[in-house]
2 protein chains.
Amino acid sequence: MSTETKHRSTAEVANRLVELCRQGKIIDAQKELFADDVHCIEPANGHSPTITGKQAAIAKSEQFATMIEEFHGEEISEPVIAGNWFSISWFMDVTMKGQGRQKMGEIVVYNVENGHIISEQYFF
Amino acid sequence: MSTETKHRSTAEVANRLVELCRQGKIIDAQKELFADDVHCIEPANGHSPTITGKQAAIAKSEQFATMIEEFHGEEISEPVIAGNWFSISWFMDVTMKGQGRQKMGEIVVYNVENGHIISEQYFF
């Protein structure tokens, strides 16, 4: 047996991310696909700081989940892929605790290296 | 007649950009769709500086065109759209003067405001 690691391609990472997130398994996706030192880059005008690290990304998703009162639905596009990069659109229809029902939409751009996501960047 | 301006939607801007660029009419697309103070944001690791302004963007495209020896083909994806943002993938197969044949691929993210593109950001 070879000890060489066969990395997932950008398309394989993109399709797996979309597959898991459409099933609501966002934290599973982060655990499986994020590099340990992933950068999560928020919009310049956003309320959240950019964070670094897989554990911090997972903690943020867990925190977001606790803020949801009711989840009405979401829609994630097929990925658009070029080289080590891919992008998706992501719509979410949720009632946030104390904030009422909101429809959110964003473009997310991902950078893949050695079969893992090393950055995600949000545009909304 | 109303003097109110009816702006193109993000989807209309996205589809028009893709339509013109697939016809090779990149400068026409810039003239028609870019805001006067558009920002063209290059990758952090890129060779080109970020530029501001429609005229500078057009001048850069004209400069790029002069560097092409032979154009072999390109492929532009359908746009992925969310709110005021959209993204596409863009592949180009060109022989650059003195640099040989190159296949380039990139993700581009656009921000639309009042029916015009106010920023484009490249990822490659």
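**Entry 1: a word to settle before I start**

I call a residue buried under 20% relative accessible area, exposed over 50%, and partly exposed in between. I keep in mind that this is a predicted model. With those cut-offs, I looked up Glu32(A): its relative accessibility is 27%, so I noted it as partly exposed.

**Entry 2: the partner of Glu32(A)**

What does Glu32(A) pair with? I found a salt bridge to the side chain of Arg16(A), with N and O 2.7 Å apart. Arg16(A) sits in helix H1 (residues 10–22) of chain A and Glu32(A) in helix H2 (residues 26–33), so this pair ties together parts that are 16 residues apart in sequence. Arg16(A) is partly exposed too, at 24%. I then saw that the pair belongs to a network of salt bridges that links Arg8(A), Arg16(A), Glu19(A) and Glu32(A). A reminder to myself: side chains of opposite charge can pair when their charged atoms come close.

**Entry 3: more salt bridges**

How many salt bridges are there over all chains? I wrote down twelve. One that I looked up joins Asp93(A) and Arg101(A), again at 2.7 Å from N to O. Here Asp93(A) is buried, with a relative accessible area of 13%, whereas Arg101(A) is exposed at 54%.

Arg22(B) is partly exposed, at 43%.

**Entry 4: around Asp93(B)**

Next I turned to Asp93(B), which lies in strand E5 (residues 85–96) of chain B. Is Asp93(B) buried or exposed? At 13% relative accessibility, I count it as buried. Leaving aside neighbours within four places in sequence, I listed its contacts as Phe71(B), His72(B), Gly73(B), Arg101(B), Gln102(B) and Lys103(B). I also checked Gly105(B), twelve residues from Asp93(B) along the chain, and the two C-alpha atoms are separated by 8.9 Å.

**Entry 5: one face of a helix**

Which residues of helix H2 (residues 26–33) of chain B are buried? My list has Ala29(B), Gln30(B) and Leu33(B). Looking down the axis of H2(B), I see these buried residues fall within an arc of 100°, so they line one face of the helix. Their cover includes H1, strand E1 (34–41), helix H3 (54–66) and strand E7 (116–123) of chain B.

**Entry 6: two copies and their contact**

I laid chain A on chain B: a turn of 180° with a shift of 0.0 Å along the axis gives an RMSD of 0.0 Å. That is the relation of a two-fold axis. In chain A, the C-alpha nearest this axis belongs to Ser87(A), at 3.5 Å. The same surface serves both copies, as 100% of the contact residues of chain A recur in chain B.

The contact takes 18 residues from each of chain A and chain B. About 1300 Å² is buried between them, and carbon and sulfur atoms give 76% of that area. Val80(A), Trp85(A) and Phe123(A) supply 38% of what chain A buries against chain B, more than any other three residues.

Definitions and conventions: Residues numbered from 1 in each chain as written. Chains lettered and ligands numbered in written order. Predicted model: local features only at pLDDT ≥ 70, side-chain atom pairs only at ≥ 80, totals over all residues. Heavy atoms only, no water. Salt bridge = Lys/Arg side-chain N within 4 Å of Asp/Glu carboxyl O. Helix = DSSP H or I, 4+ residues; strand = E, 2+ residues; numbered from the N terminus. Buried < 20%, exposed > 50% of the residue type's maximum accessible area, 1.4 Å probe, protein only. Arc of directions from axis to C-beta. Contact = heavy atoms within 4.5 Å. Least-squares fit on C-alpha atoms with pLDDT ≥ 70 in both. Buried area = accessible area lost by both parts, 1.4 Å probe.
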